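This briefing sets out selected features of the structure shown below. The points are grouped by topic and may be read alongside the sequence.

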Number of protein chains: 2
Amino acid sequence: MSTIEVTDRTRLRRGPKRASYDRETIYRILDEALVCHIGASMHGGPAVQPNFHWRIGDELYVHGSSRNGLFQSILAGESACITVTLLDGLVFARSAFHHSANFRSVMLYGKGRRVEDPVEKRQALDSMLEKFSPGRSAEARPPNETEMKATAVIAFPIEEVSAKIRSGGPVDDAEDLDWPAWSGVRPLITTLGDLIPD
Amino acid sequence: MSTIEVTDRTRLRRGPKRASYDRETIYRILDEALVCHIGASMHGGPAVQPNFHWRIGDELYVHGSSRNGLFQSILAGESACITVTLLDGLVFARSAFHHSANFRSVMLYGKGRRVEDPVEKRQALDSMLEKFSPGRSAEARPPNETEMKATAVIAFPIEEVSAKIRSGGPVDDAEDLDWPAWSGVRPLITTLGDLIPD
């Protein structure tokens with residue numbers, strides 16, 4: 001695994017110590033997160049839509065309706081920014097100012113490539129199902145031609161990308177350590193419940 | 001509570017039955033969600049940053065470093081799109097195509113107003129602390145002048161906004177109902193753990 005080259009867009013100016021350009025670190029965050037937020041220009045201004053994402057090798061994939069407006073913008077060549085955020089905890093400091101959050105986030109900039117080859121597209125969609133439930137792509141009724149046509153799959157190179165990570169307890173100023181307020185971290189725990197059968 | 005007027009940017013074209021323009025519904029989603037994703041133009045293209053948000057009346061607030069590049073773009077007059085997503089469950093259908101997600105999301109478009117009045121700004125920041133832990137704003141060491149200056153607070157009118165909601169089980173095609181794959185919903189449960197004291 002390599003280190004990502006930093007660009008003007010990915011250089012973290014605020015909190016640079018929290019930045020990571022380590023490909024493995026970035027991939028771990030992308031693989032753990034279920035939801036991403038895709039930003040691109042639409043109707044003459046920015047729009048941000050939630051989506052699922054998944055990774056195959058060095059590309060990040062999203063899918064949606066072929067008629068999705070944001071997808072059409074991206075496929076027409078608009079640059080996108082895809083951001084993934086895992087909120088790990090709320091950080092309560094003694095001072096209001098030093099309240100913070102533990103999180104792991106990734107911001108990826110780039111242009112999307114429409115996955116058109118039917119074999120590649122099918123493999124990509126299978127790969128998404130596998131992320132949510134290993135084995136699922138062999139169990140579910142496979143997509144037919146109409147469904148494949150209704151679905152757009154877009155791949156983004158994981159090249160212009162950065163991670164930002166905060167972990168650990170509150171960092172208060174020395175003079176506040178005796179301030180009579182409780183302090184610490186409340187972890188945020190996300191779990192998948194048992195299946196509610198249809 | 002009123003119904004929000006639909007604009008070109010907020011009219012849901014994909015899945016219009018899942019749209020809501022009901023102010024109360026939108027406020028409930030905004031109030032429950034901790035994280036938002038803010039998109040605006042920066043470095044000549046879209047950038048999407050995660051942030052905390054909170055609501056006071058009919059305005060949505062975010063805060064951050066006064067030197068945050070995205071904030072500076074917004075304060076220079078760039079239009080923003082703020083999106084909030086609550087993922088409630090993974091929906092497993094019998095067919096690959098009808099796999100879906102249960103979610104509640106809000107997309108808000110608008111321009112930000114810098115909160116400059118010191119009293120209003122302090123109240124806004126207190127209000128954010130209260131969202132995360134009721135009573136906290138009276139316990140924590142209050143922000144001093146330097147800290148207030150380092151913090152930018154931006155308010156957005158909750159006017160050009162829509163919600164999109166999916167709930168319930170999978171919706172398979174009639175001819176797939178006998179397909180031998182399990183189906184149903186796996187709920188996503190997010191909880192706050194006990195405080196890990198500093």
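A residue is called buried when its relative accessible area is under 20%, exposed when that value is over 50%, and partly exposed in between. By this criterion both Phe52(A) and Phe132(A) are buried. The model is a predicted one, and the values below are computed from it.

**Overall features of chain A**

- Chain A contains 5 helices and 11 strands.
- Along the principal axes, the C-alpha atoms of chain A occupy a box of roughly 65 × 45 × 35 Å.
- Chain A has 198 residues, of which 52% are classed as buried.
- Among the contacts in chain A with a separation of 6 or more, 71% involve residues 24 or more positions apart.

- Phe52(A) belongs to strand β3 (residues 45-56) of chain A and Phe132(A) to helix α3 (residues 118-132) of chain A, so the pair ties together parts that are 80 residues apart in sequence.
- In chain B, the ring centres of Phe52(B) and Phe132(B) lie 4.6 Å apart with the planes at 55 degrees, and the pair is therefore tilted.
- This pair links distant parts of chain B, since Phe52(B) is in strand β3 (residues 45-56) and Phe132(B) is in helix α3 (residues 118-132), 80 residues apart.
- Phe52(B) counts as buried because its relative accessibility is 13%, and Phe132(B) is buried with a relative accessible area of 14%.

**Charged groups over rings, between chains**

- The charged end of Arg136(A) is placed over the ring of Trp182(B), 4.1 Å from the ring centre.
- Arg136(B), in turn, lies over the face of Trp182(A), at 4.1 Å from the centre of that ring.

**Positive phi at His43**

- His43(A) is a residue other than glycine with a positive phi, near 50 degrees.
- The location of His43(A) is the loop between β2 (35-42) and β3 of chain A, and its relative accessible area of 42% makes it partly exposed.
- For His43(B), which is not a glycine, phi is likewise positive, at about 50 degrees.
- His43(B) is situated in the loop between β2 (35-42) and β3 of chain B, where it is partly exposed at a relative accessible area of 41%.

**Two buried strand residues of chain B**

- Ser105(B) is part of strand β6 (residues 100-110) of chain B and counts as buried, at 5% relative accessibility.
- With residues up to four places away in sequence left out, Ser105(B) touches Pro50(A) in the other chain as well as Ile29(B), Val84(B), Thr85(B), Ser162(B), Ala163(B) and Lys164(B).
- Gly184(B) is in strand β10 (residues 184-192) of chain B, and with a relative accessible area of 0% Gly184(B) is buried.
- The C-alpha atoms of Gly184(B) and Gly169(B) are 5.9 Å apart in space, while the two residues are 15 apart in sequence.
- Beyond its neighbours within four places in sequence, Gly184(B) contacts residues of chain A, namely Leu195(A), Ile196(A), Pro197(A) and Asp198(A), and residues of chain B, namely Leu90(B), Val91(B), Phe92(B) and Pro170(B).

**An exposed loop residue of chain B**

- Asp194(B) is located in the loop between β10 and β11 (196-197) of chain B.
- Its relative accessibility is 68%, so Asp194(B) counts as exposed.
- Apart from neighbours within four places in sequence, Asp194(B) is in contact with Val185(A), Arg186(A) and Pro187(A).
- Asp194(B) and Thr3(B) are 191 residues apart along the chain, and their C-alpha atoms are separated by 39 Å.

Definitions and conventions. Residues numbered from 1 in each chain as written. Chains lettered and ligands numbered in written order. Predicted model: local features only at pLDDT ≥ 70, side-chain atom pairs only at ≥ 80, totals over all residues. Heavy atoms only, no water. Helix = DSSP H or I, 4+ residues; strand = E, 2+ residues; numbered from the N terminus. Buried < 20%, exposed > 50% of the residue type's maximum accessible area, 1.4 Å probe, protein only. Contact = heavy atoms within 4.5 Å. Phe/Tyr/Trp six-rings, centres within 6.5 Å; stacked < 30°, edge-to-face > 60°. Lys NZ or Arg CZ within 6 Å of the ring centre and 35° of its normal.
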